[in-house]
Amino acid sequence: MTRKSRRMYIIVVAFALLASATALVLTAFEDNLVYFYSPTDLKTKQVTVGRSLRLGGLVEEGTFVKLGDGLSIRFSITDGAESVPVSYKGILPDLFREGQGVITEGSLNEKGDFIAHEVLAKHDENYMPAEVIEALKESGEWRGDEEGQAIE
C-alpha cells in the first residue's frame, strides 16, 4: 500500500466516523426537542400521537373539572378559535385558573385529547409566554398591549 492510498484510506474512514457521529447527535437532538403548539396548530398540523410537545393558550371558562381522586383534573385550552381537552394528574400551580394563560407539556393521545405531565401557569397579570402571545395574535384573540410582555 502506498503512502498516498493509505492517506486516502485514513481520510475516508475519518470522514465516515465524523458523518456517523453527526448523524447520531442530530437524531438525539431531534428526539429531545419539544415543540410548542396552540390548539389551532394541533387541529391543522399533522402531530404525531405520543410525541412530547407543549400546548399553550388560555384555560377555557367552564371546563375545569376535578375528578374523584382529587389529583386528576380535566380542562380545555383555547386560543379563541379552537380548544383542546387536557387531562392532568398532579398538583396544579397556585395561579392556575380559568381564563388565564397556561402552558402544558405532554402528548396527544389517539382520541385527540392532550395528556399533560406538567402544567405551568402565568406568574402575574402581565406575563404570558411569547408563543402564547403569538398564537393569540394570529387568531385575533389577543387582548393585551401591542408588544405583549413576554419573558424570552
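Predicted model: local features only at pLDDT ≥ 70, side-chain atom pairs only at ≥ 80, totals over all residues.

Biologist: Let's look at helix 3. Which residues are buried there?

Modeller: Helix 3 covers residues 130–139, and Val132, Ile133, Ala135 and Leu136 are buried in it. They sit on the same side of helix 3, because their arc around the axis is only 165 degrees.

Biologist: Why would residues three or four places apart point the same way?

Modeller: That's α-helix geometry: there are 3.6 residues a turn, so such residues point the same way.

Biologist: What covers the buried residues of helix 3?

Modeller: The cover includes strand 1 (35–37), strand 2 (53–59) and strand 6 (101–108). Just after helix 3 comes Gly140, with a positive phi of about 80 degrees.

Biologist: Switching topic: how many aromatic pairs do you count?

Modeller: The count is 2. One is Phe64 with Phe96, a tilted pair at 5.8 Å centre to centre with 50 degrees between the planes. Phe64 is in the loop between strand 2 and strand 3 (65–66), and Phe96 is in the loop between strand 5 (83–89) and strand 6, so the pair ties together parts 32 residues apart in sequence.

Biologist: Is Phe96 buried or exposed?

Modeller: Phe96 is buried, since its relative accessible area is 11% and the cut-off for buried is under 20%. Phe64 is partly exposed at 31%.

Biologist: And what does Phe75 form with Phe96?

Modeller: An edge-to-face aromatic pair, 5.0 Å centre to centre and 65 degrees between the planes. Phe75 is in strand 4 (residues 72–78), 21 residues apart from Phe96. Phe75 counts as buried, at 2% relative accessibility. Phe64, Phe75 and Phe96 form one aromatic cluster.

Biologist: Last one. Which residues make the nonpolar surface patch?

Modeller: Tyr9, Ile10, Val13 and Leu17 make it, and the patch is about 420 Å². Val13 belongs to helix 1 (residues 3–32) and counts as partly exposed at 34% relative accessibility.

Terms used: Residues numbered from 1 in each chain as written. Heavy atoms only, no water. Buried < 20%, exposed > 50% of the residue type's maximum accessible area, 1.4 Å probe, protein only. Helix = DSSP H or I, 4+ residues; strand = E, 2+ residues; numbered from the N terminus. Arc of directions from axis to C-beta. Contact = heavy atoms within 4.5 Å. Patch = residues over 30% accessible without salt bridge, like charges linked within 9 Å, V, L, I, M, F, W, Y side chains within 5 Å. Areas by Shrake-Rupley, 256 points an atom, 1.4 Å probe, with all protein chains shown as cover. Salt bridge = Lys/Arg side-chain N within 4 Å of Asp/Glu carboxyl O. Phe/Tyr/Trp six-rings, centres within 6.5 Å; stacked < 30°, edge-to-face > 60°.
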